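Q: I'm new to this one. Can you put it up and walk me through it?

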Amino acid sequence: MLLLLSSLNGLCNQVLAQEAPIKFGKLEAREAAALLASPTPDSAAAEVLCDFGQSTIQGKSEGFELRFERTARLLIRRPAGYEHATVRVLLYHDPKEGRREEIQLLKGFTYNLTGATLSKEPLRTEAVFSRKVDERLDEYAFTLPNVREGSILEFTYVVRSPFLFNLQDWQFQQDIPVRWSEYRTIIPSFYRYKELSRTYWPFTINETGTKAYSTTYREPRPTGYGMTAVTQDNYYNITTMAITRRWAIKELPAFRAEPFITTRRDYLSRVDFELERIQFDPQHDPQFVVGSWAEIEKQLLEDEKFGQYLKATTSLSTNAAALRSLPALTERAQAVRQLVLQQVAYTSTPAYLVRPGNTARRIVEQRQGNAAEVNLLLIAALRAAGLEAQPLLLSTRQHGQIQTELPLVSQFNYVVAYVALPDNQELLLDATDASLPPTLLPEHCLNAQGRLLGPAGRWVNLMNTASHLLYIRAQLTASTQGELRGTIRQEYAGYAASEHRRPLPELRQQWQKEHPDWHISKAEMSAPDVAHPVMLELTATLPGAEAEATTLYLRPLQHLLMAANPFRHAERSYPVDFATVQRVECVTDLTLPAGYKVAELPTDMQLVLPDGGGRFLFSISQPTAHTLALVGRLHLLKTHYSAAEYSAIRELYAKAVAKFAEPIVLQQQ
């Protein structure tokens, strides 16, 4: 045992012997000059020179607490970076027990170098502010003084927390470049945390070790009069081993929002923690804090803001019971959904729990509710109609991806209805969006998979096979000045239909914004019901030159489809995540002006992405001496593309844009 402890301590010394990467208040003029002389990545307005944090568990009165220390140093290059002089810290509190996290030992300096002299101005007390964010969170903000171009900012603080479940997470990447970000933890063996790290950049350091750990905590001992006397406190000393962890990443670029992602939290380099279990005595079973999915489901189904809400009887469930006469189960389920859509409006608030005090009857009477209140009513109504319906929890795209290996209900923020049908068929229903057909969940719900509750609890795929389809059919005539005039019919199908199911003035205005060079003289639309596409028919003109030209250069598909590649950057570190399959098609008949003939046509092109991931097709033909037929199709057949596949998608779009930009050359006869 002594040999084992010796070797473990040796390993710990190797892991934690390194000094902190930054010493607060120890910046010299020579070091500041060197920092100012070094270039900033991407010419950013500011950069993080070093961000260092460490968390430990230590004894306190009546138990233990978490202690989190953070020290950081930043460099401001331009006025656009001044906003980083304000730092915000979120602190948790329990409104029932009155316990709260506290920020302590807050200090800061602003360094400014003038010639060879380095000034050092401290953080002022009046520059520290606090505000209540919600019932459980407060925000402390402080602003460092006298910030100008070339300022070096430095701050440090400690957060003491009585909530051992709230081990501080750490975010390595920020909206500005980070030269060095490091986080360390020391966790005694009787606490076990589940660690979830996510990064698209390799860890410079990722080490685990052990070390001897001891702490003392105080436990008040009541006197015979029921009072507590400080002098009679019991002091306990605990000695055990601790697990040490150290992560660091260097030279992190600024996080750059890319098109077609879920939410930034899914892509930022970070490490998160959840308290899994507590075990002080190895002779007794551990206390599990993070339970199983089955335990979470059981708790939810017993919760008055979830499962008990499903049991209430309302006029809605009474009306739904009358639909039992419909023999086709799918038709019956869709009729129940329509009933809910007609009687309860959605407040555009995602939620998986009913608001406190909002009974099912009250929601029906008020005729509006959040996502949980609407869709739990839907589930209750489906059951009243004789259907086998269960809640399905999910996380919307803006809320983030679910870690299926971590049983935490906080990962969810939405609930829909799951209906089991014969022959292992299933139906997912949502009653918050009347613009969608019954078979489609809202696009913001299409986020990998959701958790089905009830006896058959399991993960359910949320991705729908329906596409986002834009189909354009244009009949255009060219003039001797190069003007294009004619009719353009746009058909929005699948998820595109829901997006464009709006009044004609709004739809016309949106099309005009997307095609500013066209002049619309007439606009009509057709949107019979949610089962059919939205049709927009325009009579429009694309102006040409002022005078007749002997040679005309026409690019009709460029003006109808796309003139720019949505993937602007040459490289991308994150996956491309579409909610739905993307399809764009354009068929155009072009009538040539009298007295002109074709001098040159773009060549046909057909491209296919690897593994059937997508394709692009362009073709042009001349059915008669006076007409041309053009076809352009761009299909992306997957919803998720890895970063390694990004260059192929970008190249596909680039070639499509370039092909649409190739002119049809007409020559006067």
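Q: What share of the 669 residues in the chain is buried?
A: Buried residues make up 47% of them. Buried means under 20% relative accessible area, exposed over 50%, and partly exposed in between, with a 1.4 Å probe and protein chains only. This is a predicted model, where local features need pLDDT of at least 70, side-chain atom pairs count only at pLDDT 80 or more, and totals for chains, interfaces and linings use all residues. Residues are numbered from 1 along each chain as its sequence is written, and side-chain values use heavy atoms, with hydrogens and water left out.

Q: How many helices and strands does the chain have?
A: There are 12 helices and 35 strands. These are DSSP runs numbered from the N terminus, with helices (H or I) of at least four residues and strands (E) of at least two.

Q: Which strand is largely enclosed by the rest of the structure, and why?
A: Strand β10, residues 178–188, because 10 of its 11 residues are buried.

Q: How many bridges join β10 to β1?
A: The count is 7, and β1 (residues 46–60) runs parallel to β10. Two strands pair if DSSP finds at least two bridges between them.
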